[in-house]
Amino acid sequence: MEATLVRTLRHTTPVCSLAVMPDGSEVITGTRDNLVCQWAVADGQLLKTCRGHIPPHQISAVACSQDSQQFASGGRDCFICVWDKTGKQLTTLKKGHRAYVTSLSYANDHRYLVSGAADGKIQVWNPATNRILKTLEPAHAGPVTCVAVSGDSKYIVSGGDDKMMNVWKPEDVVSYGTRCAGKLYRAIQGHEAEVTGVAITSDNSHVMSGSLDKKVRVHMVLNRKLVRTLTHDAGVQCMALSKDDKWLATGTTLGGIYIWRLQTGEQVAHWKAHDAKVRAIAITDKGIIVSAGNDNFAKVWQVPLIDATPAAAAPEAAPKPAADIQTVTLSATGSIVPVADPGAWPEKPKKAAKKPEQPAKEPKNTAKEPKEPANEPQEQMMKKKKKRQAQKAEEDEQTPSKKKVTFQNPPVADQAEAKRPPVAEAEAAPAAKKRKKSKKGAAPAQA
């Protein structure tokens, strides 16, 4: 994929910061010579030069509201200036940071402005009233280098010189009057150098951070799990995420620009954009990329990001047939069955095919079944009758034999009586022995 240079916005000093209006009409740049410039993207003309910061401090941060009606600039003078779309200065936020402003980000409802500074604080402003609503002090162990706000303003993501990326909930941040630190929601570590850029997806599911250690790390917000690491040939100086969360643009310290497909981690494009390091970068959904470098140039590039993923946009809902067209299908019997819901035609024809088959089979079964049950019981009854008659005949034959057995009972009794005498003789044996003894004893007496 090749990038085409569309516009070159020339400055007299290095461009330190950059932002693009959400509608893509203008580019806002901040320079080292204390100027805030408005440029037209269509023809590259300088619309207006805004002066509101104390010279000779450079403009270190710029940001645009989501409605494209105003923008803000922060400088090394520790002030924040708010401008309308015509370049008119609306207000100056002075009482807040004690060191230079490093990063700015508007909330999605454009009513709140979040700022990070080298004093280690993050502050939430209301530009309409020129008041500080909430503060985080200290947000990092060192200077805050970058901040980003989620689309629903639920989270604030910050990166610092302490190699950390922190995630905050504005609702847990205490008011400015207490001068206390807010509640830290997630602290994510892993970089080996200063964090220079942070971003968060529109659904608040993933956060990413770029660092001078040549890496971009993508983490899940819920459990801080590392999802992907994108490696560069030099330190990552800046980064920007497209609104549709599909593309990530990064700028390096060697002047190179990388385009990544965030879902897969694929490197889509890489080219040399500046002769010095890329200080700031922005990307739109239409493939327009704007970069700012230390070579005094801000450049507008065109990259065919939309054509790069035609397959992702191809799948759509299947077109429904017109109301006057009826969808039909063939059943298993060959009959035509109308389909009420064309989107569910694979299921309904099966049910419709079973219903006509059941009534067709029923008359055949009813014609055969009455004959079989009419004959089978008669045959069974005849068999049962024959069995009963045979059983009765056998019983009749057996009854006289039983009577004969009854007449033979007396002989059995006689046999029992015949067997009894041996028992009586056994009982009479001891009596006979006594008699013999008595006779032997009596014989000597008679002698």
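Guide: Helices (H or I, at least four residues) and strands (E, at least two) are DSSP runs, numbered from the N terminus. Asn-204 is placed in the loop between strand S18 (195–200) and S19. The model is a predicted one, in which local features need pLDDT of at least 70, side-chain atom pairs count only at pLDDT 80 or more, and totals for chains, interfaces and linings use all residues. Residues are numbered from 1 along each chain as its sequence is written, and side-chain values use heavy atoms, with hydrogens and water left out.

Visitor: Why is Asn-204 called buried?

Guide: Buried means under 20% relative accessible area, exposed over 50%, and partly exposed in between (1.4 Å probe, protein chains only). Asn-204 has a relative accessible area of 12% and is therefore buried.

Visitor: What phi does Asn-204 take in the hairpin of S18 and S19?

Guide: Asn-204 takes a positive phi near 60 degrees there, in a hairpin with 5 residues between the strands. Most residues other than glycine have a negative phi, and most peptide bonds are trans.

Visitor: How do you know that S18 and S19 pair?

Guide: Two strands pair if DSSP finds at least two bridges between them. S18 and S19 are joined by 5 bridges and run antiparallel, with Val-198 opposite Ser-209 in S19. As for cover, 6 of the 6 residues of S18 are buried.

Visitor: Why is Ser-68 counted as buried?

Guide: The relative accessible area of Ser-68 is 4%, so Ser-68 is buried. Ser-68 lies in the loop between S6 and strand S7 (70–75), and its phi is near 60 degrees, a positive value in a residue other than glycine.

Visitor: Why does Leu-212 count as partly exposed?

Guide: Leu-212 has 35% relative accessibility and therefore counts as partly exposed. Leu-212 sits in the loop between strand S19 (206–211) and strand S20 (215–220). Its C-alpha atom is 6.8 Å from that of Val-195, 17 residues apart along the chain.

Visitor: What kind of peptide bond joins Pro-55 and Pro-56?

Guide: The bond is cis, with omega about 5 degrees, and Pro-56 is in the loop between strand S5 (46–50) and strand S6 (59–64). Glu-137 and Pro-138 are also joined by a cis peptide bond, with omega about -5 degrees; Pro-138 lies in the loop between strand S13 (131–136) and strand S14 (144–149).

Visitor: What makes a patch?

Guide: Patches consist of residues with over 30% relative accessible area and no salt bridge, with like charges joined within 9 Å and nonpolar side chains (Val, Leu, Ile, Met, Phe, Trp, Tyr) within 5 Å. A salt bridge is a side-chain nitrogen of Lys or Arg within 4 Å of a carboxyl oxygen of Asp or Glu. Lys and Arg count as positive and Asp and Glu as negative, while His and the chain ends are not counted. Each charge is placed at NZ of Lys, CZ of Arg, CG of Asp or CD of Glu, and areas come from the Shrake-Rupley method with a 1.4 Å probe, where for residues only the protein chains shown count as cover.

Visitor: Which residues form the negative surface patch?

Guide: Glu-394, Glu-395, Asp-396 and Glu-397 form that patch. Glu-395 lies in helix H4 and, with a relative accessible area of 48%, is partly exposed. A patch of positive charge on the surface gathers Lys-383, Lys-384, Lys-385, Lys-386, Lys-387, Arg-388 and Lys-392. Lys-384 is found in helix H4 (residues 371–407) and, at 46% relative accessibility, counts as partly exposed.
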